[in-house]
Amino acid sequence: LFRRHSLFISSYAKRNFLSPINRVLAWTMGSYFRCPVGARADVNELEYIASLHQTSDAKDDDWLDCSIEAEDVKHFLMSRHGIDISKEDVRMRIFDGLAGGNDVDECLDLTEITAILLIPRLLKCVEQKCHNEVEEYSPVNDGCIEIKEQNLDSTKSNSSQQGKEIIADVLKVILGDVFGSHNPVPLTPDALRQIFAEYEELNLIADDGLIEDMIHMAAGDDPDALLDVETFARALTSDVTLYDVAKETSFTTSYDDVFGKEHETTQEDFNEDSHPPADDKNDSNGISFTSSNDRNESSGIPSSSTDDKNDSSGCLSSTTDGGVSTLYTFPNVDFIADTYRSRFQIVFSFTALVLLLILYGLDADKTEVDVCMNKSFGCNVGTKLLIWLYKLTQFTVSGTIVLTVLNLGNNPRGDGIWEIIASLAGIVILIFIPSTIKFSLWFINTGFSAENSLGYILLIIGSGLVFIQIQNLARILWKEKILKMNGCFIKIFTFGETYLKDEHAMKQAAAFKINRMINNAYVLHQHSSNAKRVVPSNDISTNARSLRNYNKAADNFELVGGLVWSMKMYLSGSLLRTEGVRFNSKHLIGYLLQTVIIIVAFPVFIGISVYLSDLYDLSFPEPEAVFMIGGYLPRLWMMELSLALAPIAAISFLIYIWLMIIPSITLTTLKLRSGFIPSLRDPLFKAYRANMYNTAYVIGAMIWAPLVMALVFYSLVFIAVLLIVWQVTRTVIFTIAAGVVATVITVLVKQLVVKILLFYSHAAFYRRRVMLSNIATVVLECWHIGITLLAIISRLGKLLAITILYLGRIDRPFLAEDLQIDNFPLLFRQSILAMEAHRHPYIERLGVMYMMKLRYGHRFGRQAGSIWRLLFVFALMPWLRKYRIQDFTDADDIIEKLGTASNKNYVTKIEAENESLKIQLEELVSETMGTASNKN
């Protein structure tokens, strides 16, 4: 009994003393969460990208079914790549071929999106022996495709199955589901109809033309072809071989992968490549791009007509012959999609702008404005309004000019030397000259004192901008020479060009995540390693097993996060290369400005403390002041001690806020992707899409919120320390502290007694000793009548402390989500979601496939190939079938097309399943008898 009680007390101490400390640290740092993993997390992420891609939520049904409509694709291509295309062109040029079925040309459902995402992975599973650029489209070429032995070793999954095995195993699932056998069957129209019926693609059963195209794509003109691995691999990839999988490892943009220099020919060549042969009735419109090297310059085929019935925006989105155009989008200052060349340049430029406004803009000449002669309240309002508008005009006009000038040459597609020279001149005029020459204009008052550390930080940032522009000039003038240099010099001359590195990392992340998604689905079809009895290997279909394993693994998770983990992943680049988590430049600008605040704040707070201490000493010199006031005035050492501890506390909390930025962005992004923070099925998620201009608050909030919090903590710590050491309040404070300590001890003893009582009298909600429980309840009710007042006061103190702490943190919600009082956490998430909507690895890959369809038209992606890939998705990931959107056609026509072959195959399938059940039953009986004999 003693040992039992001692163990209980030991475990109680660990839970109630050590665990609370860990919980407090984890809660205040906010850097850990239970991240869902496996196939369920992959489905959550697919739903997440659908909610990001969708642009209209007028109808809840259309929102929840994860469908991507033509309008969504139109807006994405414009916002991300500046491609101006009409909704009708999206339907005719992109959806025609990538969408499966005859009735879904209006949208892409989640299964079709998944099939599109798998295209590069499927191509890696085959070897392309022929050149992608063929003179005439041929759906089958036996010399082009063979199975490739490629490991899926880019994920941490236990399964490292090769591409050949995955395709073969998925085919076995299809054959087992439909025909009850793993043996190849003749590839006939009846066989395809049985496959459609099994996977409930009923509207395709009556489409004889599609069935013939699918057979021709997989087997060519061979009438005796079998549905084997080679045929299945050919069917999955023969219509998408124009996609070059080697581009996934190249340092090029996704736009250049499709419309890069290798495609820069004449206008006629583009028209000829894009238009199908005259006898192809399914693809009669062409697409044309100019040979301009700058995608952001206005391009496309001129058109005398600007009418587009499907485009309500009123802009020129398509030409009369089906071509598309790209518009100049001012990518130098694109804070939403980060389309500029150098992230360092945009971050340094905006930081320089903020420092310029603080150093010179706040002290600019003020013009006195009088609305009227009297001093009435209305006149005061009018005067203040005009002064406020005047100051805002100064900030907005001068800030826009400065930011534009400093970011000249930051266009990733532009190589203008004069832009770079103009930017260098602007850096000298705006940063270096005001630091050395004193003058005053209507919007600026220059010059800074030697004690102003912000001025020297501005000069350092200006030097960085000069270095970046010199890099750009060297890249343009001596590109060939730079490429012949060794690796160190190349890194020096390309240090500022982050866009190619980021694009390469995002392509790597897309490949990594797709491989992981396939592996997560693949392992669910396998036998459980923890099962006591292995399911017989001659099971015909693994469909039921995969669904069962999917439901079992729905609650799997891993602990993700931590300050060290997040910083290590970010600084090493693994976060971008594996997960594709890309930080918005707004957050990086705020992070850099917070770094400047920490550097400047420490001497500033120390200076404030020294100034206040000297002022106090001069105002109340000792001992005269003490004698005059009768000993009530605080001594000088008390003021000095309070003023010494206050800056330490303020700077400590500033560093805390600064350290939490990167982990918070990382974990918020992972929470959104994994479904930990709901997206598609959360009604509040639509609020994030309401007003994207609200994200302009983020940088300002990241600057002022920590600074205000530091000032508040400075004041509170000063007052708290002074009250403790001041002779007038010292006795009161220690009396209160003694009462608090006594109360805490009492509460701890009460908690120990309650734990013991619970151990003996309760089992969860039920009572094991009812009388003991009733007596204890009455005693505790009486106890809490007296102590609850102290608990409420304690709650008030904790709420005030946390409120002050979260004053500087805009990255985490503090109040309940239904209390829309504090919008800054919503705006912070909104800025993350805006970046994700443009730069999520899956959405980037979808964008590449959209552009491939625009570039090659009917030569890339056909309906027959899309249906084959849909069947691959249905077999590998049967849980995605609930997201399939289709219309049911005439049942009589379907029954007529199926014929008697359906009954024969159904009987064969039932017989195979019965045989499998018999084998399992026999093994179970033999295992049971063997266990009984061993016991005897």
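Author: Helix α15 has a list of buried residues: Cys379, Gly382, Thr383, Lys391, Gln394, Ser398, Gly399, Val402, Leu403 and Leu406. The model is a predicted one. The helix covers residues 377-406. At 1.5 Å a residue, its 30 residues should span 44 Å, and the end C-alpha atoms lie 43 Å apart, so the two values agree. An α-helix has 3.6 residues a turn, so residues three or four places apart point the same way.

Now a pair of helices. The axes of α20 (residues 499-524) and α31 (residues 841-856) come within 8 Å. They cross at roughly 100°. Angles of 65 to 115 degrees count as roughly perpendicular, and α20 and α31 are therefore roughly perpendicular to each other. On the α20 side, the contact uses Glu503, Met506, Ala509, Ala510, Ala511, Lys513, Ile514 and Met517. On the α31 side, Pro841, Tyr842, Glu844 and Arg845 take part.

Next, the nonpolar cores. The largest has 184 residues. Leu77, Tyr850, Trp868 and Phe872 have the most contacts inside it. Helix α26 (residues 636-674) gives this core its largest share, 15 residues. Leaving aside residues up to four places away in sequence, Leu77 touches Gly82, Ile83, Ile85, Ile94, Tyr850, Met851 and Leu854. Another core, of eight residues, lies apart from the largest one. Among its members are Phe713, Ile802, Leu805 and Tyr806.

Last, the cysteines. The structure holds zero disulfides. Cys35 counts as buried because its relative accessibility is 10%. Cys107 counts as buried too, at 13%.

Terms used:
Residues are numbered from 1 along each chain as its sequence is written. This is a predicted model: local features need pLDDT of at least 70, side-chain atom pairs count only at pLDDT 80 or more; totals for chains, interfaces and linings use all residues. Side-chain values use heavy atoms; hydrogens and water are left out. A disulfide is a pair of cysteine sulfur atoms within 2.5 Å. Buried means under 20% relative accessible area, exposed over 50%, partly exposed in between (1.4 Å probe, protein chains only). A nonpolar core is a set of buried Ala, Val, Leu, Ile, Met, Phe, Trp, Tyr and Cys residues joined through side-chain atoms within 4.5 Å. Helices (H or I, at least four residues) and strands (E, at least two) are DSSP runs, numbered from the N terminus. Contact means heavy atoms within 4.5 Å. The expected span of a helix is 1.5 Å times one less than its number of residues. Axes are lines fitted to C-alpha atoms, for helices over the stretch in contact, and angles run from 0 to 180 degrees between N-to-C directions. Angles under 35 degrees count as roughly parallel, over 145 as roughly antiparallel, 65 to 115 as roughly perpendicular and the rest as oblique.
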